Amino acid sequence: VKVHVDMEKCQGHGRCYDLAPDVFGADDEGYAELLVTGDVPAELEQQARAAEANCPERAITLT
Amino acid sequence: MSTTETDGGGSYGGSPFDQMDAETARHPQPSYKLMRDLMPVTRMEGLGVLLAKRADIDEAFRRPELFSSAMDAVALQNVRPLIPLQIDPPDHKKYRKILDPLFAPKQVKPLEEPVTRLVNDLIDGFGDATEIDFSQQFSVPFPSQVFLTLLGLPLDDLPEFLKMKDGIIRPDHVVGKPRDDEETVAYQRGIAQSIYDYFDRVLDEREVERRDDLLSRFLDTEVDGERLTRHEILDVCFLFLIAGLDTVSASLDCFFGYLAEHPEQRRQLVDDPSIIPAVVEELLRWETPVIGVARVATADTEVGGCPIHKGDHVMAILGSANTDEAEFDDADVVRFDREANRHLAFGGGVHRCLGSHLARLELRVALREWHARLPEYAVKPGVELDYTPGIRSLDTFPMVLG
């Protein structure tokens, strides 16, 4: 799967990098930064799904 | 409703929840459900339009140009808008660009050690007591001490601080007269001035000599080559005082009230402290310490078939959004193993609580340190906890330990 973050929607709640620290990081202002490019490695898929399911702004989509 | 939102303060003025009865304030969730089922968008005379559904609240948060946060400044006797809460985009962005980095996880993380110490010092202060007042001895002083530490102010200023905080947020309690009574308003106005004066004095000191604290950083921060003016810094400090203290106290009151009354769930976290972050999120969802946040419509519009007029106050009932069965499976069950939890306890959209990362740190550390030392406690038998409406805090929380 691939992860997409809509930076127009991201408001820096920080749930993604808390729950999926190997998939997301925080920039200096606390907004999401994607750490993986292309497909998410299988072992990180669960993290990515947790981030998607806990983003209050629905800014994260998995395809 | 009172609200503390999001960037911070919200409108702490009169609110529909001022009339909330004690049982509803204690367990508001069934009332939220009634609102969602019977009147998900409802106009209440003199109060504005209440939004109870998650989907409608999402919509309002995503359209700050239509649902403005620039509330009239008078409710708290602040003489200028609070920054950044009462500033709309595009100016809002400029302030968040300055403030977000100061409250980003990277900056907050180093506070874990002093915060841990503050929690333990407060618990040490209980001595051998088998009965304490959780509110007076823990949930009230703790966030204020964190705040003083963060701003580089002496802990000795705590009493002065609590006086300013209570005087501005609940002057009616302090004076013993209604909120709109002349005497109450005069008192609140005096307190507001003392807040400006207090921070003005400290900022004068920091102008002369910088320290490693937030106030010093405010003086030197630049955005687009511009520094914050003294007024702007004061308007940020004013907001911090009303937004950063009461909300964490209320969260602790709600959390410990819940855990005191649900010993089996308490034991889950005592046995496995690794679930504490999930416990914090689930109790933020279920309890929603800040019941709602206020907006004002900038044009005629409509939500869920209900007309909203330009100038109408619109109240997003966060507690209802957080228990909306359209969003959450088992919405009325408290589950620490919830896989999807998109709660809005810190608000949403551009005004998302600036202090949310700090608040989460304080709540997690408090739960962790407390339960490692005091796993057994209960509400004192015979006592019913009386939550204040709006911000669900407790004036008194008699607790038996052991």
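In the largest nonpolar core there are 110 residues, and those touching the most other members are B:F138, B:F161, B:F199, B:F218, B:F256 and B:W370. A nonpolar core here is a set of buried Ala, Val, Leu, Ile, Met, Phe, Trp, Tyr and Cys residues joined through side-chain atoms within 4.5 Å. Buried is under 20% relative accessible area, exposed is over 50%, and partly exposed is in between, with a 1.4 Å probe and protein chains only. Helix α13 of chain B, residues 230-243, gives the most to this core, ten residues. Helices are DSSP runs of H or I, at least four residues, and strands are runs of E, at least two, numbered from the N terminus.

This is a predicted model: local features need pLDDT of at least 70, side-chain atom pairs count only at pLDDT 80 or more, and totals for chains, interfaces and linings use all residues. Residues are numbered from 1 along each chain as its sequence is written, chains are lettered from A and ligands numbered from 1 in the order in which they are written, and side-chain values use heavy atoms, leaving out hydrogens and water.

Now the salt bridges. Over all chains there are 54, the rule being a side-chain nitrogen of Lys or Arg within 4 Å of a carboxyl oxygen of Asp or Glu. B:D246 pairs with B:R170 at 2.6 Å between the closest N and O atoms. That pair links distant parts of the chain, 76 residues apart, with B:D246 in helix α14 and B:R170 in the loop between α9 and α10. B:D246 is buried at 2% relative accessible area, and B:R170 is buried at 12%.

B:E282 and B:R285 also form a salt bridge, 2.9 Å from N to O. They sit three residues apart in helix α16 of chain B, so about one helical turn separates them.

Which residues face each other across the chains? A:R58 bridges to B:E327, with the closest N and O atoms 2.2 Å apart. A:R58 is partly exposed at 33%, while B:E327 is buried at 17%. A:D28 and B:K106 form another salt bridge, at 2.8 Å. In total, the interface of chain B and chain A has six salt bridges.

As for contact, meaning heavy atoms within 4.5 Å, 25 residues of chain B touch 20 of chain A. B:R62, B:R342 and B:R352 supply 28% of the area that chain B buries against chain A; buried area is the accessible area (1.4 Å probe) that two parts lose on being put together, summed over both. The two chains bury about 1900 Å² between them, 36% of it on carbon and sulfur atoms.
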